Amino acid sequence: MTTPRILPAAAWADTVAADLAERLRANPALRVCLPTGATPVPVYEALVGLARRDEVSFARATVVLLDEWLGLPPGDPARCDTRLRAQLLDRLPVPPAAVHLIDVDAADLDVAVARHAAVAADLDLVVLGLGMNGHVGFNEPGSFADSPTRIIRLAASSREAAMARYGAASVPTGGITLGMDRILAAREVWLLVTGARKAAILRRALRDPEGPDCPASYLRRHPNLGVIVDLEAAALLS
Ligand code: F6R
């Protein structure tokens, strides 16, 4: 049974950031895949603080983006690359060549997908948030443990959650996501979950039989899975 690490909300982000800093100290050339969304925002803020105090460095790390919307112009504030840059990358000394975003502006999206799958073939750590419908990255319900990096049609519930998150009237219907296969092939995976509204889906992901209705449930197959949650998200775990 997966045993989550349960932290008080006030300590959660600093603890996750400190853990990531520790991974980077142990392996300065860490190849890490990072999500966007609301969950990691305080972690990124804490990481920027650590970097300013020289307690963490991304100078030799490689950063790989987890997923990206299709159909938003470069620089759109809702784009995952725009958000990761604003929240973390532009605030740290990270060599641009070590940042791998997803080239959703490419003329040939199949090439962009293949490139991203290749870049993500050798990851030390994948950090994930948890969707309200059990998605990880844009691996929506219907995804399996071997689902590859691909173009995906987004679930209506995910689009609604994103519209609420961004206060947007509309969000794209598709995206490109790192596949479940690449996530499960990484040397370590962290699932970050906060807030009472995630309590039921976290319980589903960790305690009920695994299945494609909740792609996050496949993470339990990973031999080195860290589930780092706050007390509110853990409320229904027993
Ligand atoms: C974001 C991503 C999504 C989110 C998930 C949770 O890059 O891949 O899977 O992690 O939708 O979103 P928040 O954190 O906003 O609740």
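The legends below describe close-up views of a predicted model.

**View 1. Helix H1 and its buried residues.**
Helix H1 covers residues 9-26. Its 18 residues should span 26 Å at 1.5 Å a residue, and the end C-alpha atoms are 26 Å apart, which agrees. The buried residues of H1 are Trp12, Ala13, Thr15, Val16, Ala17, Asp19, Leu20, Ala21 and Leu24. An α-helix has 3.6 residues a turn, so residues three or four places apart point the same way. The buried residues of H1 pack against one set of strands and a helix. The strands are E1 (5-7), E2 (31-34), E6 (125-128), E9 (188-193) and E10 (225-230). The helix is H2 (41-52).

**View 2. The salt bridge between Arg5 and Asp19.**
The closest N and O atoms of Arg5 and Asp19 are 2.5 Å apart. This pair links distant parts of the chain, with Arg5 in strand E1 and Asp19 in helix H1. The two residues are 14 residues apart. Arg5 has 37% relative accessibility, so Arg5 counts as partly exposed. Asp19 is buried, with a relative accessible area of 16%. In total, the structure holds 12 salt bridges.

**View 3. Glu68 and its surroundings.**
Glu68 lies in strand E4, residues 67-69. Glu68 is buried yet has no salt bridge. The nearest side chain of opposite charge belongs to Arg79, 4.0 Å away. The Glu68 side chain instead reaches the backbone nitrogen of Asp81, at 2.9 Å. Beyond neighbours within four places in sequence, Glu68 is in contact with Arg79, Cys80, Asp81, Ile102, Val104, Phe138, Gly175 and Ile176. Two of these contacts, Arg79 and Asp81, meet each other through their side chains in a salt bridge of 2.8 Å, N to O. Both Arg79 and Asp81 are buried.

**View 4. The salt bridge between Arg187 and Asp124.**
The closest N and O atoms of Arg187 and Asp124 are 2.8 Å apart. The pair links distant parts of the chain, 63 residues apart. Arg187 sits in the loop between helix H6 (180-185) and E9. Asp124 sits in the loop between helix H4 (109-119) and E6. Arg187 is partly exposed, with a relative accessible area of 46%. Asp124 has 14% relative accessibility and so counts as buried. Elsewhere, Glu22, Arg23 and Glu188 are linked in a network of salt bridges.

**View 5. Residues around the ligand.**
There are 15 residues around the ligand. Those that come nearest are Thr39, Asp67, His135, Gly137 and Lys198. A polar side-chain atom of Thr39 lies 2.5 Å from a ligand oxygen atom. Ala38 has a backbone N or O atom 2.8 Å from an oxygen atom of the ligand. An N or O atom in the side chain of Arg197 is 3.3 Å from an oxygen atom of the ligand.

**View 6. Arg220 in the loop between helix H7 and E10.**
Helix H7 covers 199-207. Arg220 is partly exposed, with a relative accessible area of 26%. The Arg220 side chain reaches the backbone oxygen of Ala205 at 2.7 Å. Leaving aside neighbours within four places in sequence, Arg220 is in contact with Thr2, Arg204, Ala205, Leu206, Arg207, Asp208, Pro209, Glu210 and Leu225. Val43 lies 177 residues from Arg220 in sequence. In space, Arg220 and Val43 are 23 Å apart, C-alpha to C-alpha.

Definitions and conventions
Residues are numbered from 1 along each chain as its sequence is written. This is a predicted model: local features need pLDDT of at least 70, side-chain atom pairs count only at pLDDT 80 or more; totals for chains, interfaces and linings use all residues. Side-chain values use heavy atoms; hydrogens and water are left out. Helices (H or I, at least four residues) and strands (E, at least two) are DSSP runs, numbered from the N terminus. Buried means under 20% relative accessible area, exposed over 50%, partly exposed in between (1.4 Å probe, protein chains only). Lys and Arg count as positive and Asp and Glu as negative; His and the chain ends are not counted. A polar contact is a pair of N or O atoms within 3.5 Å; within protein, one must be able to donate a hydrogen and the other to accept it, and residues adjacent in sequence count only if both atoms are side-chain atoms. Contact means heavy atoms within 4.5 Å. The expected span of a helix is 1.5 Å times one less than its number of residues. A residue is near a molecule or strand if one of its heavy atoms lies within 4 Å of it.
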